[in-house]
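Me: I am new to this structure and would like to go through it step by step. Could you show it to me?

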Amino acid sequence: MRDTARLDDHGGIWPVVLAHVDFAAARKRLIDGVSLTLEPGPVTCIMGPNGAGKSLLLRIIAGLIRPGAGRVSYGGAAEPGKNRIALVFQRPVLLRRSVAANLDHALQTYGVPRAERRGRIADLLALGQLETLAARPARVLSGGEQQRLAMVRALAARPELLLLDEPCASLDPQATAAIEALVREAAAEGVKVALVTHDRDQARRLAEEIVFLHRGRIAEHAPAGQFFDAPRSAEAQAYLAGRLLI
């Protein structure tokens, strides 16, 4: 990303604070008393067994879902502000247009003037290694190519916080390496990245801190090295040992 200036540079979202957040559906508590503070800097991985509430937590952080109790604040404000947070889903939702047209539409949505969009599209295509695919329909791309497009489309807003929900699920090693390179590039440019992953090796490669969820609660929040080498919670110890968590 050659130009890191924000589209909207008024204020900021830091810190992002979740305070005693609950969320329930069908009389079942899915997020249970979560308190978490996210700051700019290292990549954060959110881990835990299936059904722990990881994807739901991302949506709450993004402001897509309001908690039933507790509060979420962004630099002290109740809303994050336009374009400050981007969320990339496990299965990208792409327009029935070319790769370049998907990016053009995103930039238009973010308020980028027409005169600037061609250069920005070229930069984003290069960032995602998608230059040779610019004219191809986005929905015929491979899974890895679609995910790269979804990521650079999200980065087109120059967000402060990029949330990724299992970005490499079902991808082959080559596609996974390309996504991880984008994560590192975004982090190097000052974008805070928080991603959900089930892949422990990926978390070791990317993360400097781990948030470990179990039954909708944070069982452990620790530096990555400590989490993997000397986890303190019984839940994390069981998970890393390959035992089933019920």
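This is a predicted model: local features need pLDDT of at least 70, side-chain atom pairs count only at pLDDT 80 or more; totals for chains, interfaces and linings use all residues.

Me: How many helices and strands are in the chain?
Reply: The chain holds 8 helices and 9 strands. Helices (H or I, at least four residues) and strands (E, at least two) are DSSP runs, numbered from the N terminus.

Me: What radius of gyration does the chain have?
Reply: The chain has 18 Å, which agrees with the value near 18 Å for a compact globule of 246 residues. That radius is taken over C-alpha atoms, and the globule rule is 2.2 Å times the number of residues to the power 0.38. The C-alpha trace spans about 55 × 40 × 35 Å along its principal axes.

Me: How much of the chain is buried?
Reply: Buried residues account for 50% of the 246 residues. Buried means under 20% relative accessible area, exposed means over 50%, and partly exposed lies in between (1.4 Å probe, protein chains only).

Me: And what share of the contacts joins residues at least 24 apart?
Reply: Among contacts between residues at least 6 apart in sequence, the share is 68%. A contact means heavy atoms within 4.5 Å.

Me: How far does α5 reach?
Reply: Helix α5 (residues 173–188) has 16 residues and reaches 22 Å from first C-alpha to last, close to the 22 Å expected at 1.5 Å a residue. The expected span is 1.5 Å times one less than the number of residues.

Me: What do its buried residues pack against?
Reply: The buried residues of α5 pack against α3 (114–127), α4 (143–155), β6 (161–165), β7 (192–196) and α6 (200–206). Among those buried residues are Ala 175, Ile 179, Glu 180 and Leu 182.

Me: Glu 180 is on that list; why does it count as buried?
Reply: Glu 180 counts as buried because its relative accessibility is 4%. Leaving aside neighbours within four places in sequence, Glu 180 is in contact with Gln 202, Arg 205 and Leu 206. Glu 180 and Cys 168 are 12 residues apart in sequence and 8.5 Å apart in space, C-alpha to C-alpha.

Me: Back to α3: what covers its buried residues?
Reply: The cover includes α2 (99–109), α4 and α5. The buried residues of α3 are Arg 117, Arg 120, Ile 121, Leu 124, Leu 125 and Leu 127. After α3 comes Gln 129, whose phi is positive, near 55 degrees.

Me: Where is the cis peptide bond?
Reply: The cis bond joins Trp 14 and Pro 15, with omega about -10 degrees. Pro 15 is placed in the segment before β1 (16–25). Most residues other than glycine have a negative phi, and most peptide bonds are trans.

Me: What about His 20: is it buried or exposed?
Reply: His 20 is exposed, with a relative accessible area of 57%. This residue lies in strand β1 and has a positive phi of about 55 degrees although it is not a glycine.

Me: And Asn 83, buried or exposed?
Reply: Asn 83 counts as buried, at 15% relative accessibility. Asn 83 lies in the loop between β4 (69–74) and β5 (85–88), and its phi is positive, near 70 degrees.

Me: Last one: which residues is Ser 35 in contact with?
Reply: Leaving aside neighbours within four places in sequence, Ser 35 is in contact with Leu 18, Ala 19, His 20 and Ile 218. Ser 35 has its place in strand β2 (residues 28–38) and counts as partly exposed, at 39% relative accessibility.

Definitions and conventions. Residues are numbered from 1 along each chain as its sequence is written. Side-chain values use heavy atoms; hydrogens and water are left out.
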